[in-house]
Amino acid sequence: MSILKKLLIGILVLSATVLIIAAFVDGDIKVQQTIAINAPVENVWNFTNNITALNSWNAWFKRDKMMKTSIGGNEGRPGSSFCWESDSTELGEGCLTISQLTTLRDVTLDITCYAPYRMQAKTYISLQPIGNTTRVTLNFNSHVPYPLSIIMLFKRAQKTIATNYALSLQELKKLSESH
């Protein structure tokens, strides 16, 4: 058998193995981070209920000070959005849109990434008042389709999101407690 034929068979076997493994990998990305903030829910709400306020503590968007950004829609209302375009492959380009607000309680954000790859996600911000303290929980949910689900074996997406959520919540805590 020629070397070229053996190489081709090897590539086909490797490709089939990767595709078979990917079929059994859960493509769901779920990240949850919680923090207790020593401030009333009204203080925290003021930093979570509109795009400009969200971006004041969002660690993700502080990674590229040169990215192009735009804000659309009515601030503090469902449909308001923040779009970005970064030369950083980690940030890429996309839009974040407030899809639902429940005053002093919940914010739901729809995230669409266009680059470096297309992805849809939802982020939920939940506020739970406990006396003069507010428990804030960030939830991220998305799905990586087959066969790209193979990348989930490395858990890089979850680690990156969890790190950014932890940094963001620390910044939200600092801002909320100082106002």
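Which residue in β4 does glutamate 85 stand opposite? Glutamate 85 faces glutamate 93 there. Here are some notes to go with the structure above.

1. **Ground rules.** This is a predicted model, in which local features need pLDDT of at least 70, side-chain atom pairs count only at pLDDT 80 or more, and totals for chains, interfaces and linings use all residues. Residues are numbered from 1 along each chain as its sequence is written, and side-chain values use heavy atoms, with hydrogens and water left out.

2. **The sheet.** Seven strands form an open sheet with antiparallel pairing, in the order β1-β7-β6-β5-β4-β3-β2. Strands (E, at least two residues) and helices (H or I, at least four) are DSSP runs numbered from the N terminus, and two strands pair if DSSP finds at least two bridges between them. β1 (28-37) and β2 (68-72) are at the edges with a single partner strand each, so one side of each has no neighbour in the sheet. On average, neighbouring strands are turned by 15° against each other, direction ignored.

3. **Strand pairs.** β5 (residues 106-115) and β6 (residues 119-130) are joined by eight bridges in the antiparallel sense; isoleucine 111 has alanine 121 in β6 as its bridge partner. β2 and β3 (residues 81-85) pair over five bridges, with threonine 69 partnered by tryptophan 84 in β3. Five antiparallel bridges also connect β3 to β4 (residues 93-102).

4. **The helix on the sheet.** Helix α4 (residues 156-178) packs on the sheet and touches β1, β6 and β7 (133-143). Contact here means heavy atoms within 4.5 Å. The direction of α4 makes about 20° with that of β1; axes are lines fitted to C-alpha atoms, for helices over the stretch in contact, and angles run from 0 to 180 degrees between N-to-C directions.

5. **Salt bridges between segments.** There are six salt bridges in the structure, each a side-chain nitrogen of Lys or Arg within 4 Å of a carboxyl oxygen of Asp or Glu. In one of them, arginine 63 pairs with glutamate 90, with the closest N and O atoms 2.5 Å apart. Arginine 63 is in the loop between α3 (51-57) and β2, and glutamate 90 in the loop between β3 and β4, so the pair ties together parts 27 residues apart in sequence. Aspartate 110 and lysine 122 form another, at 2.4 Å, linking β5 to β6.

6. Lysine 174 and glutamate 171 meet at 3.3 Å, N to O. The two are three residues apart in helix α4, and therefore separated by about one helical turn. Salt bridges with shared partners join Lys62, Glu171 and Lys174 into one network.
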